[in-house]
Amino acid sequence: MVEYIARYLDELGIPSLILSRGYAGGDEAKMLERHLLHTSVKIGVGANRNATAAAMFERYGFMDLSSRLYSGSLSSPCKLWSCRRTQKIGVVILDDGMQHWSLFRNVEVVMINGLSPWGNKHLIPRGSLREPLESLCRAHIGVIHHADLVPSAGLNDIVLMIRKNNPSLLIFFSRLAPLFVFDVKRPHSELPLTMVINIVILCISAIGFPDAFVQRIKEIGPLHVDRLNFSDHYSIKPNDINMIRKKLTLLQRRFGLKPIVIVTEKDYDRDPAILREVDDFQVIVLCSSLQILPFEDRTEDDFRTNIKNLLLSSQKCLL
C-alpha cells in the first residue's frame, strides 16, 4: 500500500518521502528502493523517523500543498504540474505507523488482513493487536487486504466490525496480484508465472503472514506446493540451506520432478547473496503488486480520488 500510494503521488507530480524504521536489515526499504528507483519517491531509513524526516527536509526542501501554486493543480483532473518537476517533498508516508505517536498524522490509512483480521482480539503480548479495535475511529480510510481470498460471509463480518467502531469509515478491498517471477541469479529477468504450472514448488518465507503467499502460488497451478516458514524478518543461514536441500530431495523422490524454490521479494532483498550462491536447485522470486478491488459502489478511482481529496485538505499528509 505504501508503494501504491507513493506511485500515485508520483503520477500526480508530487514527490513523496517514505519513512521506514529499517527493521531487521531494512528488507522492506530495500524492496521499495528497487521498485521506486525511477520515480520521484525518496526513502528515509532510521529508527528515529522524526530526525530522518528533518534531515531529508533539510536536504531537499518541502512543498506547501496549501499554496495557490499547488492547490489549484491538485484540483485539476489532469496530471499535476508536469512541467514543474521538483525534488521538494510534498507528502510524507509513514510506513506501518499508526502507533508512532511521536509524529503527527493528517491522514490515517488502516490495512486489515482479511485472512486474520483481529487475531484472538487481544493486545500484544497476549494477542496480535497493537491497539484496541476502538482505535479504528481515528482512521480516514480502511482497506481489507486479501479480500479475494476471504468468503463473502467472512468479509461481511469484518465490515460489520469496522463499522461498529467507525460507522463513517471509507472501506475498500485489496489483493496482492502476482505479476511475474525472476531467477535470483538474474534479478533483472521477468519470467512468466506459467513457468511454475505442473511443477513441484517449495515456498520458503520469513514474513509475518505466509499463508497468503502460499495461496497465491497455488492459484497459478503447480503440481504440488510445500512450504517452509521461518519467523518474520529471519535471515537464512548456511545451515538452513542444508535443511532446504534435504526437503527438496524428499520432494524429488516423491514426485519424480526436480522442485523449484519460490521466495517473496522481501526474503530476496533480505538475503540475496546467500540465495545466489545456491547451485544445485533453482530459486525464483515472486513479484506482485497491490490492486484495489471493487466494493459496493467504490472502485480504484474512488480510492485515488479520496487520497487526493484528503491531500487537498492538509499541507502535509502522512500515512
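Helix H1 (residues 2–12) packs against helix H10 (residues 300–312) at an angle of about 70°, and their axes lie 11 Å apart. That makes H1 roughly perpendicular to H10, a label that covers angles of 65 to 115 degrees, while under 35 counts as roughly parallel, over 145 as roughly antiparallel and the rest as oblique. This is a predicted model, in which local features need pLDDT of at least 70 and side-chain atom pairs count only at pLDDT 80 or more, while totals for chains, interfaces and linings use all residues. Residues are numbered from 1 along each chain as its sequence is written, and side-chain values use heavy atoms, with hydrogens and water left out.

**Helix H1 and its surroundings**

- On the H1 side, the contact with H10 is made by Tyr4, Ile5, Tyr8, Leu9 and Glu11; contact here means heavy atoms within 4.5 Å.
- H10 contributes Glu300, Phe303, Arg304, Thr305, Ile307, Lys308 and Leu311.
- Together, the residues of this contact divide into seven nonpolar, one polar and four charged. Ala, Val, Leu, Ile, Met, Phe, Trp, Tyr, Cys and Pro count as nonpolar, Asp, Glu, Lys and Arg as charged, and the others, Gly among them, as polar.
- Nine of the 11 residues of H1 are buried, so H1 is largely enclosed by the rest of the structure. Buried means under 20% relative accessible area, exposed over 50%, and partly exposed in between (1.4 Å probe, protein chains only).
- The buried residues of H1 are Val2, Glu3, Tyr4, Ile5, Ala6, Tyr8, Leu9, Asp10 and Leu12.
- Those buried residues pack against strand S1 (16–20), helix H2 (27–35), strand S3 (91–94), strand S10 (283–293) and H10. Helices (H or I, at least four residues) and strands (E, at least two) are DSSP runs, numbered from the N terminus.
- Just after H1, Gly13 takes a positive phi of about 90°.

**The three-stranded sheet**

- Three strands form an open sheet in the order S2-S1-S3, with parallel pairing; two strands pair if DSSP finds at least two bridges between them.
- Strand S2 (42–45) and S3 are the edge strands, each pairing on one side only.
- Neighbouring strands of this sheet are turned by 25° against each other on average, direction ignored.
- S1 and S2 run parallel and are joined by four bridges, and Ser20 stands opposite Val45 in S2.
- H1 lies across S1 and S3, at about 170° to S3, whereas H2 lies across S1 and S2, at about 165° to S2. Axes are lines fitted to C-alpha atoms, for helices over the stretch in contact, and angles run from 0 to 180 degrees between N-to-C directions.

**The seven-stranded sheet**

- Seven strands make an open sheet with mixed pairing, in the order S4-S5-S6-S10-S9-S7-S8.
- Strand S4 (109–113) and strand S8 (224–229) stand at the edges, each with a single partner strand, so one side of each is left without a neighbour in the sheet.
- From one strand to the next, the twist averages 30°.
- Strand S7 (residues 200–205) and S8 run parallel, joined by six bridges, and the bridge partner of Val200 in S8 is His224.
- Helix H7 (residues 238–255) packs on this sheet, touching S7, S8 and strand S9 (260–264), and its direction makes about 165° with that of S8.
- Six of the six residues of S7 are buried, so S7 is largely enclosed by the rest of the structure.
- Val200, Leu202 and Ile204 point one way from S7, and Ile201, Cys203 and Ser205 point the other way.

**Two buried aspartates**

- Asp27 belongs to helix H2 and is buried, with a relative accessible area of 1%.
- The side chain of Asp27 makes a polar contact with that of His233 (3.1 Å). A polar contact is a pair of N or O atoms within 3.5 Å; within protein, one must be able to donate a hydrogen and the other to accept it, and residues adjacent in sequence count only if both atoms are side-chain atoms.
- Leaving aside residues up to four places away in sequence, Asp27 touches His233, Lys266, Asp269 and Arg270.
- Asp183 is found in strand S6 (residues 170–183) and counts as buried at 6% relative accessibility.
- The side chain of Asp183 makes a polar contact with the side chain of Gln282 (3.0 Å).
- Not counting residues up to four places away in sequence, Asp183 touches Ser189, Leu191, Gln282, Val283 and Ile284.
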